[in-house]
Amino acid sequence: MNNGFVDMVPALRALANPHRAQIMDWLLDPLAHFPPQRDGCRLKDGVCVGFITDKTGLSQPTVTSHMKALEAAGLVTSKKIKNWVFYKADAGQLQALSAGFDQGARAQS
């Protein structure tokens, strides 16, 4: 069942936090915003939570909480490599959000 904007509420709630919105912006272009990693490809595997923590200046538990909120909203996927968790923007979910806004805008035209 497609409820338009109602289906988008979890993602919009997650993005309403400025820190999470900033992290998502960085994850959309990880090569521009994060240094090379010893393990994992920034594009294929995602960005190590340690690099996200360093860039935000927040504590590791706070960043982990933000990343879990983004993951629960379907905006990122996670992958464990060795002892680290890597996060990657979920392009499909972001495209679905974009399509929902496009559809809503067309309905008003």
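The accessible surface of the protein chain amounts to about 6,600 Å² (Shrake-Rupley method, 1.4 Å probe), and 54% of this area belongs to carbon and sulfur atoms. The model is predicted, with local features requiring pLDDT of at least 70 and side-chain atom pairs counted only at pLDDT 80 or more, whereas totals for chains, interfaces and linings use all residues. Residues are numbered from 1 along each chain as its sequence is written, and side-chain values use heavy atoms, with hydrogens and water left out.

Of the 109 residues of the protein chain, 35% count as buried (under 20% relative accessible area; exposed is over 50% and partly exposed in between, with a 1.4 Å probe and protein chains only). Along the principal axes, the C-alpha atoms fill a box of roughly 50 × 25 × 25 Å. Among contacts (heavy atoms within 4.5 Å) between residues at least 6 apart in sequence, 51% join residues at least 24 apart.

The secondary structure consists of 6 helices and 3 strands, taken as DSSP runs numbered from the N terminus (helices H or I, at least four residues; strands E, at least two). In sequence order the pattern is α-α-α-β-α-α-β-β-α. The 3 strands form an open antiparallel sheet in the order 1-3-2, where pairing requires at least two DSSP bridges between two strands. Strand 1 (47-48) and strand 2 (76-81) are at the edges with a single partner strand each, so one side of each has no neighbour in the sheet. Strand 2 pairs with strand 3 (residues 84-89) in the antiparallel sense over 6 bridges; K79 stands opposite F86 in strand 3. Helix 2 (residues 18-28) lies across strand 1, strand 2 and strand 3, at about 80 degrees to strand 3 (axes are lines fitted to C-alpha atoms, for helices over the stretch in contact; angles run from 0 to 180 degrees between N-to-C directions).

D39 is located in the loop between helix 3 (30-33) and strand 1. Apart from neighbours within four places in sequence, D39 is in contact with I81, K82 and F86. The side chains of D39 and K82 are joined by a polar contact of 3.2 Å (a pair of N or O atoms within 3.5 Å; within protein, one must be able to donate a hydrogen and the other to accept it, and residues adjacent in sequence count only if both atoms are side-chain atoms).

S59 occupies the loop between helix 4 (49-56) and helix 5 (60-72). S59 counts as partly exposed because its relative accessibility is 38%. The side chain of S59 makes a polar contact of 2.8 Å with the side chain of T62.
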